[in-house]
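Visitor: I am new to looking at protein models, and I would like to learn how to read one feature at a time. Could you take me through it slowly?

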Amino acid sequence: MCGIVGYVGKKKVVPVIIEGLRRLEYRGYDSAGIAVGHPGSEKLDLRRAAGKLSKLEDVLREHPLDGTFGIGHTRWATHGRPTEENAHPHRDCTGRIVVVHNGIVENYLELKRELTAQGHKFVTETDTEIIAHLIEQVQKDAEAAGKPVPLESAVRAAVKRLTGAFALGVLSSAEPDKIVAARFGPPVIIGVGEGESFVASDVPGILHHTRNVYFLADGDLAILTPAGVKLTDFDGNAIERELTRIQWDPIQAEKGGYKHFMLKEIWEQPRAVTDTTLGRVSLDSGKVFLGEMDIADEELARAASISIAACGTSWHAGLTGKYMIERLARLPVDVDYASEYRYRDPIAGKDTLGLLITQSGETADTLAAQREMKALGSKTVAICNVVGAMVAREAHGAIYTHAGPEIGVASTKAFTSQLVALFLLAMKLGQLRGHLDKAQSIALIEELSRLPVKIEDALRGCTAQCEELAKEFSTARDFLYLGRGIHFPIALEGALKLKEISYIHAEGYPAGEMKHGPNALIDETLPVVVLATRDEADPASKLRYEKTLSNIQEVTARSGRVIAIATEGDTTIGGLVEHVIAIPPAPELLVPLVEIVPLQLLAYYIAVRRGCDVDQPRNLAKSVTVE
């Protein structure tokens, strides 16, 4: 979950690394550090600081660095407190080797005891420090045997001793203009330029310098020099990985005049929906084209059930997708938290289609669930935003969302693009299973094509109102979000957005369950956000709406303060509630993509009003690459 950036080449190394770390600070911001070297120096120079990257920049202004190669790190603490002492990079006893690390070394205490017995002195509480000492010991043993080894060989020997998950960047002053990187778990991206090479834990960290990258797989090791990149496995065997051309425009990763990345990404949702749909539907034939699938249509049609695994916001997308798939394809769907999937002894096999949903494609729990599904005999499909990410490489098919880089920790456009991908999958399965004919398919595609404009209208229509509501409700201690049917997962997502960026306790609940507990919470201080849209053409939606009105009356009868998300033109609901946020009408299965917009905006403006760090909420990281 930490940010790593390394560079070797012609440019001034410190600005390249600091700029890259700034673009990756969403991955970790408890502390930061940098190490640089240049030929002729016996040691590597380090600067570290507790807190956000700006603290490290202050240190560098007072104590500048320069060199020809280097590596930097922003940390999200797993082992050891977030202090300057525990900040990366970490050194060996000699000061000639430094390591940055993303992940967890599970056997670090065992290794630390062994290395301490061999005379090594440790100065931090982290698991990472043992890696530097382990590499030092490998080289020391090799020299004592009269067979000295280069840095990459020492790293290979060291990683074989590690248990857990790790992404590593290693430097040695004895071997200038070289970086060794290794992956087993968390992502590692290698950038290739003209006379320069880069390593990073995510694409935005190097996107301003190169779009040509290798995505390392588990068990890969890379040796970076100005002359190029060499890839091997942990045994030293040469390997080949496909060089990927990143299509994101670097400008997409900038704020573009918005105060926060989150607000920018909320406003990018119309484009994200368009880009996820582009090239995947035909208005002439009504057909859906999913993308990179190694599963034949006949095999998809034979699936007896679908098992979805995801985390956080992606799990809410999965819950929403369950309603889409079951309604359009008449196929039963289970939705699991990826972190729980392996622990419930899941029932799956060749007749089960596994569906993994993850923005980054590197979420550790989701990858573990995918591997369990495959071990049970299931084919898997990934819904992912990052081309070439691990989850997509290990899947039998990938539906890329093409939402562009999402920098804010609280997911917004990734969520809506995941919903589009799930809707397209639901349509495809419905067509293959004979539950959607051509006319029905064309009608659904027409509605899908109207969504970007409706989301744009919702953004323009709701922003000022949500900003005003934030003034009134930013001091609330608790929020309750209610929804029925497909709107229940949207209530969960609205509550998650509020709690993760404003630190207000919020809970999403099925509206029909109010009598089974939540009514006890309601008083005149409790804001209750109710999803009360309706689709006049859908009988089930009309029934849901009527039942939701009854739930609203339960709340108002107990003096709860209701904020209703309702359909434009609804003249009934205004007389029942304190506040109404109106959104454009949309079909029952697609309106979640519109009604999430005011929930995102409300959370954003409340967080801003409370002075919270919207893009980097405390204790959270964008991509959870350790379990």
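Predicted model: local features only at pLDDT ≥ 70, side-chain atom pairs only at ≥ 80, totals over all residues.

Visitor: In what order do the strands of the open sheet of 8 strands lie?

Guide: As a general idea, strands of a sheet pair through backbone hydrogen bonds, either parallel or antiparallel. Here the order is β3-β2-β4-β1-β10-β9-β11-β14, and the pairing is antiparallel. The edge strands, β3 (45-50) and β14 (244-245), each pair on one side only. Within this sheet, strand β2 (residues 31-37) and strand β4 (residues 69-75) run antiparallel and are joined by 7 bridges, and G33 has H73 of β4 as its bridge partner. Helix α2 (residues 53-62) packs on the sheet, where it touches β2, β3 and β4, and its direction makes about 135° with that of β3.

Visitor: At what angle do the axes of α4 and α5 cross?

Guide: The axes of helix α4 (residues 129-144) and helix α5 (residues 151-159) cross at roughly 115° and come within 9 Å. The contact is made by L134, I135, V138 and Q139 of α4 together with L151, A154, V155, A157 and A158 of α5, and by class this contact has 8 nonpolar, 1 polar and no charged residues.

Visitor: How many salt bridges does the structure hold, and what does one of them link?

Guide: The structure holds 34 salt bridges. In one of them the side chains of K11 and E196 meet, at 2.7 Å from N to O, and this pair links parts of the chain 185 residues apart, with K11 in the loop between β1 (3-8) and α1 (13-23) and E196 in strand β10 (residues 196-200).

Visitor: Is E196 buried or exposed, and why?

Guide: E196 counts as buried because its relative accessibility is 7%, and the cut-off for buried is under 20%. K11, at 33% relative accessibility, counts as partly exposed.

Notes:
Residues numbered from 1 in each chain as written. Heavy atoms only, no water. Axes fitted to C-alpha atoms, helices over the stretch in contact; angles between N-to-C directions. Helix = DSSP H or I, 4+ residues; strand = E, 2+ residues; numbered from the N terminus. Contact = heavy atoms within 4.5 Å. Nonpolar A, V, L, I, M, F, W, Y, C, P; charged D, E, K, R; others polar. Pairing = 2+ DSSP bridges. Salt bridge = Lys/Arg side-chain N within 4 Å of Asp/Glu carboxyl O. Buried < 20%, exposed > 50% of the residue type's maximum accessible area, 1.4 Å probe, protein only.
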